[in-house]
Amino acid sequence: MTYRWDGKNKEDIRQAAEALRHGQLVAFPTETVYGLGANGLDPLSVKAIYEAKGRPSDNPLILHIYDKNQAKALAREVTPLAEKIMDEFWPGPLTLVLPKDICVPDCISGGRDTVAIRMPSNILARTLLRMTRIPIAAPSANLSGKPSATCAEHVWQDFDGRIYGIIDGGVCQVGVESTVLDLTVEPPVILRPGAITAEMFKERLGLEVLQGGAKVGDKEIPKAPGMKYRHYAPKGKVLLAQGQGAELIDDIKEKIAHAQRPLGLMLSSETLADLGEIPQDVTVRDLGSINDLNKWAAELFEVLRYFDQKEMATIIAEGCAYEKIGIAVMNRLTKACGGGEKV
Ligand code: TXA
Ligand code: MG
C-alpha cells in the first residue's frame with residue numbers, strides 16, 4: 001500500500017519526513033516536477049530509487065537541500081562563482097554540478113567525482129527537507145523513460161504499491177525539470193536546459209555559459225548523462241510538426257491524413273485557429289498561445305500523459321521557438337519523438 005499524504009497537513013509532512021529518515025521512498029512536489037525521494041546518504045535507500053524507477057545505474061541523481069551550508073558539506077569545493085550563482089538563483093529550478101565530497105555515496109553520482117545539488121523553492125519540498133535534515137536524492141518521479149510527473153496523480157499511476165508514500169502538493173508550477181549547470185568546467189555548461197536559461201546567467205551575473213549538446217567549432221559540448229537515454233516518451237509515436245505559417249498547417253494536415261489512429265494533436269491556439277476543421281475522430285489539446293512558453297512548459301508532460309491514458313497510437317505535436325524556456329520544451333519534445341537532440 002502507498003500512503004497518500006495531504007501537503008496541506010503539517011502532520012502528514014512530518015510522517016513523510018520520518019519515513020524518509022527510515023530509508024523509505026517518498027514522492028514529493030517541487031516547483032519543477034515531482035521527485036522520488038530517498039535518504040541521499042544511505043546507499044541502500046538510493047539503490048531502492050534505481051530499482052523502483054528501472055533506472056540505469058550510471059545515470060546520476062540530484063541531491064536536494066534546504067540550506068546553502070549543506071552544499072558546502074556535499075561538495076569538495078564551492079568557489080566564489082558557485083556561491084554567487086547560489087545566492088542569485090537558489091532556491092529555484094537550478095541544479096549545480098560540483099566536485100563531490102567523499103561523504104556522498106558513489107551510487108548517487110554513478111561513479112563520477114562530481115555531485116549534482118539543488119535547492120528547490122517549492123514550500124512543501126522545503127518543509128520536508130527541513131524536517132528530514134538530510135540531503136534527499138530525488139530523480140523525477142516517473143518510471144524510467146516515461147514523461148515526468150507534474151501532479152500527484154501521475155506519480156500514483158507509475159508507483160502505486162511500489163513506494164511508501166506520496167505527498168500531494170497539487171500541480172507543479174514550472175513543469176519541466178531543473179536546469180543542470182556543470183560548474184566543474186570552464187566556461188560552465190548547461191547539461192540540461194530548464195527554466196533558468198543561458199540568457200539569465202548573462203543578464204543577472206554577466207556570466208557566459210555554454211549550451212550542452214550543441215556544437216562549438218568541431219567540438220560537441222557534453223550534455224547530462226541522463227539525456228542519452230530514451231526519455232519523456234509516451235507509448236504512442238510522437239511526430240513533431242515541421243515548418244511555419246502555411247507550411248506548418250500543410251504539414252499537420254498531411255500528418256493527420258496519414259497518421260495511425262487513435263490520434264491526438266497538441267497544438268497552439270493560433271495553429272488550431274488556422275487549421276480549421278479537424279476530423280471528428282481526432283483528440284485535440286490546446287497548448288495555449290504560442291507566445292506563452294511558460295504555459296507550454298507547465299502543460300507538456302500532463303498532455304503527453306493524457307494521450308498515454310487515452311492510448312493514442314500517434315501524437316502530432318507543434319514545436320515552439322528555441323528561446324527562453326522554449327529551449328527546454330523543445331529538448332523534451334525532440335526526446336519524446338525518440339529523435340536526436342537539437343539543443
Ligand atoms: O527538476 C529536477 O531536477 C527534478 C526534481 C525532482 O528536482 N529532478 C530530476 O532528476 O529531474 P532526474 O534524475 O530525473 O534528472 C537528473 C539529471 C539527469 O539528466 C542526470 O544525468 C543529471 O541530472 N545529473 C545528475 N548528477 C549529475 C552529475 N554529477 N553530473 C552530470 N549530470 C548529472
Ligand atoms: Mg528524470
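Good morning. I shall begin with Tyr 232, which is found in the loop between strand E13 (219-220) and strand E14 (237-240). The model before us is a predicted one. In it, the phi of Tyr 232 is near 60°, a positive value in a residue other than glycine. Is Tyr 232 buried or exposed? Its relative accessible area is 1%, so Tyr 232 is buried, given that buried means under 20%.

I turn now to the cis peptide bonds. One runs from Glu 186 to Pro 187, with omega near -5°. Pro 187 belongs to the loop between strand E9 (179-182) and strand E10 (189-192). Another cis bond joins Arg 261 to Pro 262, and here too omega is near -5°. Pro 262 is located in the loop between helix H9 (245-258) and strand E15 (263-267).

Next, helix H2, which spans residues 43-53. Which of its residues are buried? They are Ser 45, Val 46, Ile 49, Tyr 50, Ala 52 and Lys 53. An α-helix has 3.6 residues a turn, so residues three or four places apart point the same way. The cover over the buried residues of H2 includes strand E3 (35-39), helix H5 (106-109), strand E7 (136-137) and helix H7 (152-159). Just after H2 comes Gly 54, with a positive phi of about 70°.

Finally, I come to ligand 1. The space that it takes is the largest pocket. How many residues surround ligand 1? There are 26, and the closest are Thr 32, Asn 59, His 64, Ser 178 and Gly 226. Strand E4 (62-64), strand E6 (114-118) and E10 each contribute at least two residues to this shell. E6 gives the most, with four residues.

Several polar contacts can be named. A polar side-chain atom of Asn 59 is 2.7 Å from an oxygen atom of ligand 1. The side chain of Thr 114 places an N or O atom 3.0 Å from a nitrogen atom of the ligand. From Gly 226, a backbone N or O atom lies 2.8 Å from an oxygen atom of ligand 1. Taken alone, ligand 1 exposes 680 Å², of which the protein buries 97%. Thank you for your attention.

Terms used. Residues are numbered from 1 along each chain as its sequence is written. Chains are lettered from A and ligands numbered from 1 in the order in which they are written. This is a predicted model: local features need pLDDT of at least 70, side-chain atom pairs count only at pLDDT 80 or more; totals for chains, interfaces and linings use all residues. Side-chain values use heavy atoms; hydrogens and water are left out. Buried means under 20% relative accessible area, exposed over 50%, partly exposed in between (1.4 Å probe, protein chains only). Contact means heavy atoms within 4.5 Å. A residue is near a molecule or strand if one of its heavy atoms lies within 4 Å of it. A polar contact is a pair of N or O atoms within 3.5 Å; within protein, one must be able to donate a hydrogen and the other to accept it, and residues adjacent in sequence count only if both atoms are side-chain atoms. Accessible areas come from the Shrake-Rupley method with a 1.4 Å probe; for residues, only the protein chains shown count as cover. On a 1 Å grid over the protein atoms alone, a cavity is a set of points where a 1.4 Å probe fits but cannot get out, and a pocket is an open set with protein on both sides within 12 Å along at least five of seven lines; lining residues have an atom within 4 Å of a point. A molecule sits in a cavity or pocket if more than half of its atoms lie within 2 Å of its grid points.
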